[in-house]
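Q: Please take one part of this model and look at it closely. I would like to know what it touches, how it is oriented, and what lies around it.

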Amino acid sequence: MTNSFSAYQQLNSLLHLINSSLQTLPITQLHLPDQLIFSLTNKLFSSATFYKFLTLHPKITSSLNLVWSLEVPPRVKTFIWLLLQNKLATIDNLQKRGLMLVNICTLCKAACETAFHITNSCPYFMHTLHLVLFLSGTPATYPSYPATMQLALLSKETSTIYKQLLAISYYFIWKERCGRIFREVSNTPSISANLILQEWSFSQLLKGVESPALS
Ligand SMILES: [Zn+2]
């Protein structure tokens, strides 16, 4: 089960990279018949060439692949994978796809909704995260580098417990946002913080690790 899920993650990662490359394909001149060409070689796509490109540019995949090493439930990893690539259906992304929407954050109603706002500067999120860190006894000091909390998930300077709490907080803040939009249900930051800590404690118990702060 673990191997098949890992294989699925790797396949998903490869498909995303292929999709990103296909989006950069140049448009052929009008007087020529349509033809798909691979931007790296100006010829047809070659798996060998693409593999060589990936191996020569390991930074493209190496940092994002750290998501899969986070010690959080698989659904949280998948969510973080989408978040770090700005693939969530936030209002600004939906507007880019042509949807006519008023862009206002449903959590704080004081700013436009973007992935960066929700996970870095939204007062609702910040209040919730501070409660999570306080209740779990985790130091509420953010690393000065990297600049955003999303990238702190991938930093070697960030503690494992901080990464776990941060990742699960992101996941639950998105659930809270969706709950407000689609089910018209809203929770206070303290309720969200308790839900996050319950999820974190449960994930720790599944690994056989006892949570010192909550035991
Ligand atoms: Zn907000």
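A: Start with the contact between H9 and H10. On the H9 side, the residues are Gln164, Leu165, Ile168, Ser169, Phe172 and Glu176. They meet Ser192, Leu195, Ile196, Glu199 and Trp200 of H10. By class, this contact has six nonpolar, three polar and two charged residues. The model is a predicted one.

Now the geometry. H9 covers residues 160-183, and H10 covers residues 189-206. Their axes come within 9 Å and cross at roughly 130°. The two helices, H9 and H10, are therefore oblique to each other. Their crossing is right-handed.

A word on spacing along a helix. An α-helix has 3.6 residues a turn, so residues three or four places apart point the same way. With that in mind, read the H9 list again: Leu165, Ile168 and Phe172 are among the residues that meet H10.

Next, the length of H9. It has 24 residues, which at 1.5 Å a residue should span 34 Å. The end C-alpha atoms of H9 are 33 Å apart, which agrees.

What comes after H9? Glu184 follows the helix. Its phi is positive, at about 55°, although Glu184 is not a glycine. Glu184 sits in the loop between H9 and H10. Is Glu184 buried or exposed? It has 7 C-beta neighbours inside 10 Å, so it counts as exposed.

H9 has another partner, H4. This helix runs over residues 74-84. H4 and H9 pack at an angle of about 80°, with their axes 9 Å apart. The helices H4 and H9 are therefore roughly perpendicular to each other. From H4, the contact takes in Val76, Phe79, Ile80 and Leu83. From H9, it takes in Ala167, Ile168, Tyr170, Tyr171 and Trp174. The class count for H4 with H9 is nine nonpolar, no polar and no charged residues.

One residue links the two contacts. Ile168 of H9 is in the contact with H10, and Ile168 is also in the contact with H4.

Asn86 has a phi near 55°, a positive value in a residue other than glycine. It has 13 C-beta neighbours inside 10 Å and therefore counts as partly exposed.

H7 comprises residues 123-136. The axes of H7 and H10 are 8 Å apart, and the packing angle is about 50°. That makes H7 oblique to H10. The crossing of H7 with H10 is right-handed. H7 brings Tyr124, His127, Thr128, Leu131, Val132, Leu135 and Ser136 to this contact. H10 brings Pro189, Ser190, Ser192, Ala193, Ile196 and Leu197. These residues of H7 and H10 divide into eight nonpolar, five polar and no charged.

Which residues of H7 are buried? They are Tyr124, Phe125, Thr128, Leu129, Leu131, Val132, Leu133 and Ser136. The buried residues of H7 pack against H6, H9 and H10. Gly137 follows H7, with a positive phi near 75°.

H6 spans 115-121, and Ala110 lies in the loop between H5 and H6. Leaving aside residues up to four places away in sequence, Ala110 touches Cys105 and Pro123. Ala110 and Pro123 are 13 residues apart along the chain, and their C-alpha atoms are separated by 8.9 Å. With 11 C-beta neighbours inside 10 Å, Ala110 counts as exposed.

Finally, the setting. The protein has 10 helices and zero strands. Along the sequence, the pattern is α-α-α-α-α-α-α-α-α-α. Of the 215 residues in the protein, 22% are buried. Take the contacts between residues at least 6 apart in sequence: 47% of them join residues at least 24 apart.

How values were computed
Residues numbered from 1 in each chain as written. Predicted model: local features only at pLDDT ≥ 70, side-chain atom pairs only at ≥ 80, totals over all residues. Axes fitted to C-alpha atoms, helices over the stretch in contact; angles between N-to-C directions. Helix = DSSP H or I, 4+ residues; strand = E, 2+ residues; numbered from the N terminus. Parallel < 35°, antiparallel > 145°, perpendicular 65-115°, else oblique. Left-handed = near helix turned anticlockwise from the far one by under 90°. Contact = placed C-beta atoms within 7 Å. Nonpolar A, V, L, I, M, F, W, Y, C, P; charged D, E, K, R; others polar. Expected span 1.5 Å × (residues − 1). Buried ≥ 20, exposed ≤ 12 C-beta atoms within 10 Å, placed from the backbone.
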